[in-house]
Amino acid sequence: MFKKLGFFLFAMGVSASYAIAGGGEPECYLQCDDGLDQCMTDHPKSPGACTKIHQMCYDRCDPYLP
């Protein structure tokens, strides 16, 4: 139980740091964060997949990536 909570808090901290450092629209990052929350709720046994999807969403939000 504590491992899942710890992983979730870690993922949220990482996503917050990306949102602060990124140059994209804040709404885009908020949608990605909401998607991560929903994924973790729907698939609690697949945190790695949720994190990967979340990172791909952030990559789409970043206007500096090709």
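**View 1. Asp 37 is partly exposed, with a relative accessible area of 29%.** Buried stands for under 20% relative accessible area, exposed for over 50% and partly exposed for what lies in between, with a 1.4 Å probe and protein chains only. The model shown is predicted, so local features need pLDDT of at least 70 and side-chain atom pairs count only at pLDDT 80 or more, while totals for chains, interfaces and linings use all residues. Residues are numbered from 1 along each chain as its sequence is written, and side-chain values use heavy atoms, with hydrogens and water left out. Asp 37 has its place in helix 2, and its C-alpha atom is separated by 8.8 Å from that of Cys 50, a residue 13 places away along the chain.

**View 2. The protein chain holds three helices and zero strands.** Helices (H or I, at least four residues) and strands (E, at least two) are DSSP runs numbered from the N terminus, and read in that direction the elements of the protein chain run α-α-α. The chain has 66 residues, of which 21% count as buried. When contacts (heavy atoms within 4.5 Å) are taken between residues at least 6 apart in sequence, 65% of them join residues at least 24 apart.

**View 3. Five residues, Tyr 29, Cys 32, Cys 57, Tyr 58 and Cys 61, form the largest nonpolar core.** Helix 2 (26–42) and helix 3 (47–61) are the elements that give two or more residues to this core, and helix 3 provides the largest share, three residues. The term nonpolar core is used here for a set of buried Ala, Val, Leu, Ile, Met, Phe, Trp, Tyr and Cys residues joined through side-chain atoms within 4.5 Å.

**View 4. Cys 32 is found in helix 2 and is buried, with a relative accessible area of 3%.** Once its neighbours within four places in sequence are left aside, Cys 32 is in contact with His 54, Cys 57, Tyr 58 and Cys 61. Gln 55 lies 23 residues from Cys 32 in sequence, and the two are 8.4 Å apart in space, C-alpha to C-alpha.

**View 5. Helix 2, with 17 residues, reaches 24 Å from its first C-alpha to its last, close to the 24 Å expected at 1.5 Å a residue.** The expected span of a helix is 1.5 Å times one less than its number of residues. The buried residues of helix 2 are Tyr 29, Cys 32, Asp 33, Leu 36, Cys 39 and Met 40. They lie on the same side of helix 2 because they cover an arc of only 120 degrees around the axis, the arc being that of the directions from the helix axis to the C-beta atoms. On the face of helix 2 turned away from this buried side are the exposed residues Leu 30, Gln 31, Asp 34 and Thr 41.

**View 6. Cys 39 and Met 40 are two of the buried residues of helix 2.** Cys 39 counts as buried at 16% relative accessibility, and Met 40 is buried with a relative accessible area of 14%. The C-alpha atoms of Cys 39 and Cys 50, which are eleven residues apart along the chain, are separated by 5.8 Å. Met 40 and Thr 51 are likewise eleven residues apart along the chain, and their C-alpha atoms are separated by 8.9 Å.

**View 7. In helix 3, the 15 residues should span 21 Å at 1.5 Å a residue, which agrees with the 21 Å between its end C-alpha atoms.** Cys 50, His 54, Cys 57, Tyr 58 and Cys 61 are buried in helix 3. Because they cover an arc of only 100 degrees around the axis, these residues are on the same side of helix 3. The face of helix 3 turned away from the buried side carries the exposed residues Lys 52 and Arg 60.

**View 8. The side chain of His 54 makes a polar contact with the side chain of Asp 33, at 2.9 Å.** A polar contact is a pair of N or O atoms within 3.5 Å; within protein, one must be able to donate a hydrogen and the other to accept it, and residues adjacent in sequence count only if both atoms are side-chain atoms. His 54 is found in helix 3 and is buried, with a relative accessible area of 7%, while Asp 33 is one of the buried residues of helix 2.
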